[in-house]
Amino acid sequence: MADGSLIDRFLEMMAAERGASRNTLVAYRRDLEQAAELVRGTLGNADQAALRDLMAAYSSLAASSAARKLSALRQFYAFLLDEGDRSDNPALDIARPATRRPLPRILSHADVERLFAVASEEAAGDAPLPAAVRLLLLLELLYGSGLRASELVSLPRRAVGGAREFLIVRGKGDKERLVPLSARARTALDRWLPLVGDASPWLFPSGKAHLSRVRLFQLLRDLAARAGIEPASVSPHVLRHAFATHLLEGGADLRTLQTLLGHADIATTEIYTHVDSRRLVELVNRRHPLAGMDGVDLKPPSA
């Protein structure tokens with residue numbers, strides 16, 4: 001079967017069975033069609049040697065780009081194997097290009113407290129400005145629930161359940177998940193709902209649509225400046241990182257964090273395990289079954 005038909009079938013499966021987003025499908029198509037042009041023979045019949053030559057042709061690309069292309073090939077051949085079009089997956093034994101994921105920028109507990117102090121003060125009183133109440137709720141949901149910026153600004157009003165203990169969030173790949181609401185977030189939500197009214201289907205309406213990600217970014221940087229924090233260090237994604245990192249520091253496990261963040265692959269969540277060595281040593285000394293016995297205690301590295 002021609003490569004174009006195989007690629008079409010693969011993408012149809014990705015959309016129907018895995019809920020791949022439009023952007024993901026466009027990226028897969030681009031990578032696979034490019035591979036079909038470069039590989040010896042046809043992509044559907046390529047052997048491991050042909051794929052090694054193909055990956056060598058990608059050597060000038062960034063490691064992350066080459067790794068993404070290899071991932072597309074592995075999934076493509078896994079599909080052909082499942083469908084009976086091939087008897088093997090020639091991409092499985094191809095070495096994945098070494099990549100280094102940058103550590104996420106995070107805020108300290110003190111910085112987060114300063115942001116909340118200013119936002120809470122501005123939203124206090126009997127008749128606060130609606131914008132101040134909205135900003136406090138946005139902050140509570142970014143740091144308290146770990147929402148992505150796009151998920152947050154596009155929340156429909158119906159995302160808020162009757163008991164208001166969870167939000168129904170539609171994330172990447174159009175997948176829904178339940179996100180718990182803290183008591184503080186529920187309080188902020190109860191103050192915001194009467195102010196927003198019933199005219200819009202959005203929880204954070206703006207004009208004829210909802211609040212934009214750009215405007216959310218601006219609001220947070222302005223808040224950081226008022227809190228005496230470098231504005232460039234604060235963004236919706238940084239607050240999501242702080243949510244994840246601080247939860248891990250508090251004892252949350254990776255699987256729980258993966259669910260809360262809406263990560264499809266736990267490997268994505270593992271980026272948050274960059275806790276410092278002192279905390280790891282202290283954890284072992286405090287929680288290990290042999291903690292306190294002679295010869296077991298470890299010494300934290302010197303500063």
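Helices (H or I, at least four residues) and strands (E, at least two) are DSSP runs, numbered from the N terminus. Strand 2, for instance, covers residues 176-180 and includes Leu178. What is described here is a predicted model, where local features need pLDDT of at least 70 and side-chain atom pairs count only at pLDDT 80 or more, while totals for chains, interfaces and linings use all residues. Residues are numbered from 1 along each chain as its sequence is written, and side-chain values use heavy atoms, leaving out hydrogens and water.

Now for how the helices pack. Two packed helices are described by the angle between their axes and the distance between the axes. Axes are lines fitted to C-alpha atoms, for helices over the stretch in contact, with angles running from 0 to 180 degrees between N-to-C directions. Helix 2 (residues 22-38) meets helix 4 (residues 63-83) at about 85 degrees, the axes being 9 Å apart. That makes helix 2 roughly perpendicular to helix 4 (under 35 degrees is roughly parallel, over 145 roughly antiparallel, 65 to 115 roughly perpendicular, the rest oblique). In contact (heavy atoms within 4.5 Å) are residues including Tyr28 and Leu32 of helix 2 and Leu73 and Phe76 of helix 4.

Helix 6 (residues 130-145) and helix 9 (residues 213-226) pack at about 100 degrees, with axes 11 Å apart, and are therefore roughly perpendicular too. Leucines turn up on both sides of this contact, among them Leu135 and Leu138 from helix 6 and Leu216 and Leu219 from helix 9.

As for charges, the structure has 14 salt bridges (a side-chain nitrogen of Lys or Arg within 4 Å of a carboxyl oxygen of Asp or Glu). One of them links Arg29 and Glu33 at 3.2 Å, N to O. These two sit 4 residues apart in helix 2, so about one helical turn separates Arg29 from Glu33.
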